[in-house]
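Please read them with the structure open.

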Amino acid sequence: MNLRFLLFSLAAALLLFADNGTAGERRTVVFADELFSPFTYGRFGEPAVGGKSLDLLKEVFSRLDMNVEIRLMPWTRAMKTARYGRVDGLPLLSVNESRSEYLVFSEPILESRFVFYYRKGMKISFREDGLPMFRNARIGLVKGYNYGRELLASARKEGYVMIDSPDSKSSMRKLMNGRVDLALDIEVVVDGVFAENPLWKNFVDAAIVPYSRLVWNMGISKRSSLAARIGDINRVLGEMVKDGTLDEILGTRGGRR
């Protein structure tokens with residue numbers, strides 16, 4: 001056999017195994033997310049050890065004969081790793097124009113609920129559109145969350161001052177310490193923060209009506225070969241809706257970025 005042909009064939013085989021793993025071995029897809037109780041549990045810099053997002057991904061990709069892990073990191077870094085194809089995707093997030101540049105999205109999975117929080121004892125009224133009747137209010141946001149263009153337009157009109165935090169726990173701390181007047185955050189995330197810090201509920205109230213609702217989906221990096229399987233992912237999600245698995249894992253109450 002020609003030596004050059006033999007070497008070429010060996011190199012091609014090695015490349016194939018590098019992409020797909022050794023023969024008979026299931027591919028492991030890698031997602032990125034922040035610590036997001038009750039959806040992810042663990043430590044930054046390590047794979048998630050539990051949570052609804054991990055349970056969801058395990059069920060979806062086990063039906064596609066794949067393994068999965070979620071690497072935990074700050075949310076803005078998670079989005080950046082998906083943008084540049086360093087991970088295969090992000091478990092649950094809402095759609096906007098900038099994210100659509102680098103992600104393909106699954107069919108809708110759950111609904112987000114953004115809610116205004118404020119310190120107990122404050123007298124705050126809210127308009128019909130859900131915004132506070134509080135000119136020049138300092139409003140705490142979580143950096144990287146998809147609040148929508150309407151909020152930014154209203155902020156300029158009403159003179160709101162937007163103050164970013166890296167996560168919901170930090171935003172709630174700023175609220176209780178008086179560094180912001182209100183915090184706009186995701187209900188289920190704040191519920192998780194309060195579950196870990198039950199005394200904080202004694203100092204914080206929430207608006208009765210949510211400010212906004214957003215559908216959230218699974219996002220797959222366009223630089224990942226997994227993007228070509230979005231049809232299969234949607235098919236599996238549809239099966240999980242029909243057989244009740246999706247509701248069993250996630251429940252009927254959502255909240256997300």
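1. Helices (H or I, at least four residues) and strands (E, at least two) are DSSP runs, numbered from the N terminus. This is a predicted model, in which local features need pLDDT of at least 70 and side-chain atom pairs count only at pLDDT 80 or more, while totals for chains, interfaces and linings use all residues. Residues are numbered from 1 along each chain as its sequence is written, and side-chain values use heavy atoms, with hydrogens and water left out.

2. Overall make-up. The protein chain has 9 helices and 10 strands. Of its 257 residues, 47% count as buried; buried means under 20% relative accessible area, exposed over 50%, and partly exposed in between (1.4 Å probe, protein chains only). Contact means heavy atoms within 4.5 Å. Among contacts in the protein chain with a separation of 6 or more, 74% are between residues 24 or more positions apart. The accessible surface comes to about 13,500 Å², and 53% of that belongs to carbon and sulfur atoms. Accessible areas come from the Shrake-Rupley method with a 1.4 Å probe; for residues, only the protein chains shown count as cover.

3. Backbone points to check. Most residues other than glycine have a negative phi, and most peptide bonds are trans. The peptide bond from Ser37 to Pro38 is cis, with omega near 5 degrees. Pro38 sits in the loop between strand 1 (27-33) and helix 2 (52-62). Asp65 has a positive phi, near 60 degrees, and belongs to the loop between helix 2 and strand 2 (66-72). With a relative accessible area of 48%, Asp65 is partly exposed. Asn136 also has a positive phi, near 65 degrees, and is located in the loop between strand 5 and strand 6 (138-142).

4. Helix 7. Why is helix 7 (residues 187-196) largely enclosed by the rest of the structure? Because 7 of its 10 residues are buried. These are Glu187, Val188, Val189, Val190, Gly192, Val193 and Phe194. Their cover includes strand 5 (110-119), helix 6 (168-176), strand 8 (182-186) and strand 9 (204-206).

5. Leu184. This residue of strand 8 is buried, at a relative accessible area of 0%. Leaving out residues up to four places away in sequence, Leu184 touches Phe114, Val115, Phe116, Ile139, Gly140, Leu141, Tyr147, Leu151 and Tyr211. Phe114 is 70 residues from Leu184 along the chain, yet their C-alpha atoms are separated by 6.5 Å.

6. Two serines. Ser106, in the loop between strand 4 (103-105) and strand 5, counts as buried at 5% relative accessibility. Again without residues up to four places away, Ser106 touches Asn217, Met218, Ile230, Asn234 and Leu237.

7. Surface charge. Arg77, Lys80, Arg86, Lys143 and Arg223 form a positive surface patch. Such patches are made of residues with over 30% relative accessible area and no salt bridge, like charges being joined within 9 Å. A salt bridge is a side-chain nitrogen of Lys or Arg within 4 Å of a carboxyl oxygen of Asp or Glu. Lys and Arg count as positive and Asp and Glu as negative, with His and the chain ends not counted; the charge is placed at NZ of Lys, CZ of Arg, CG of Asp or CD of Glu. Arg77, one of the patch residues, is found in helix 3 (residues 75-83).

Terms used
Patch = residues over 30% accessible without salt bridge, like charges linked within 9 Å, V, L, I, M, F, W, Y side chains within 5 Å.
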